Amino acid sequence: MNAPQTRRVAVVGIDGAGKTSVMTRLRELAPATTAFESFTCPDFHDTPDVPLAALSRQLKAMSDGADTIGNLQVKAVALYLQMTLYGPVERFYTDTYRPSVLVLERHPLIETQVYGPFYLLLAGIDGDLTAAYAELGAVLEPGALDRIRGWHDREMRRLGLDIELRDLLGDIAGLVGRDPAGSVAGFGERFRTTLPDDVLWLDVPPEQAAARCAQRGAGASKEAHETPEYLAALREGYLRARDLFAEAFPRLRFHTIDTSDGVDLDKSVYTCITEGRLFDE
């Protein structure tokens, strides 16, 4: 007997847009009659019992380490490597729990289109990243960079490619530079996934998002991209992605949800539920 089709819904938006709060409320409001699952991307380890949690933590440490050494090229590679865990994690949820609805905080095929211009910009910077990775290894726990390289090497073998970690950024930029269908197909093979059924884009003014990021608390780490200027550029990326997907993939339902200051969270969540038709029987 065939398993019922899982509806995959991606909740996306710039940092500070309210993704975590909306995901929490969606979990609380899911009716008992709906088989509902969710996980967080790219910090998969933030979801309890997720597979590949140890590797996810190491890749998050790589991203944080890139902030420490001040190298955006390494940070971009870290984000890409985090996304390579997506397919195995998604497959775990669909195969193990067979949910009616799987809600995803971020989706790699959406985010790659949003971050595409930054990959192209960073790939165009001259310089050998060998020294940067040596510096990164010094700020990570002993052996962490070797384990990350091991994952990358196994992924290269799976894909039939031979690309060193220090050269990976140029390869990523090459995929970004393809036509939309080719780019999505190429990254889909890398991330072992396809486009979701619905995208719920939580839209918020960048200045408000940056203020929310700054209020997360003294114990939270501040990411290099949590400035109003950078968040504004990322918001433009979501606008471009929305238009791109509307033209190239018209079957993908892309909904815009207002989560700016003054908008009631429950109202935003209700809009997510109704527009995304999350809990239809």
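The legends below go with several close-up views of this predicted model.

Residues are numbered from 1 along each chain as its sequence is written, and side-chain values use heavy atoms, with hydrogens and water left out. Because the model is predicted, local features need pLDDT of at least 70 and side-chain atom pairs count only at pLDDT 80 or more, while totals for chains, interfaces and linings use all residues.

View 1. Most peptide bonds are trans. Pro 42 belongs to the loop between strand 2 (36–40) and helix 2 (53–69). Here and below, helices (H or I, at least four residues) and strands (E, at least two) are DSSP runs, numbered from the N terminus.

**View 2. Arg 98 has a positive phi.** Most residues other than glycine have a negative phi. For Arg 98, phi is near 45°. This arginine sits in the loop between helix 4 (86–97) and strand 3 (101–105). Its relative accessibility of 48% makes Arg 98 partly exposed; the scale is buried under 20% relative accessible area, exposed over 50% and partly exposed in between, with a 1.4 Å probe and protein chains only.

**View 3. Arg 106 also has a positive phi.** Its phi is about 80°, and you will find Arg 106 in the loop between strand 3 and helix 5 (108–123). Arg 106 counts as buried, at 10% relative accessibility.

View 4. In helix 8 (residues 168–176), Leu 168, Leu 169, Ile 172, Ala 173, Leu 175 and Val 176 are buried.

**View 5. Helix 11 packs against strands and helices.** Helix 11 (residues 228–248) has 21 residues and spans 30 Å from its first C-alpha to its last, close to the expected 30 Å, which is 1.5 Å times one less than its number of residues. Its buried residues include Leu 231, Gly 237, Tyr 238 and Phe 245. Among the elements that the buried residues pack against are strand 1 (7–12), strand 4 (198–203) and strand 5 (253–258).

**View 6. Tyr 115 and Phe 118 make one of 13 aromatic pairs.** Rings of Phe, Tyr and Trp (its six-membered ring) pair if their centres lie within 6.5 Å; planes under 30 degrees apart count as stacked, over 60 as edge-to-face and the rest as tilted. With centres 6.3 Å apart and planes at 55°, the pair of Tyr 115 and Phe 118 is tilted. These residues are three apart in helix 5, about one helical turn. Tyr 115 is buried at 13%, and Phe 118 is buried at 17%.

**View 7. Trp 201 and Tyr 238 are stacked.** Their ring centres are 6.1 Å apart and their planes meet at 20°. Trp 201 lies in strand 4 and Tyr 238 in helix 11, so the pair ties together parts that are 37 residues apart in sequence. Both residues are buried.

**View 8. Arg 149 lies over the face of Tyr 133.** The distance from the ring centre is 5.7 Å. A charge sits over a ring if NZ of Lys or CZ of Arg is within 6 Å of the ring centre and within 35 degrees of the ring normal.

Key
Contact means heavy atoms within 4.5 Å.
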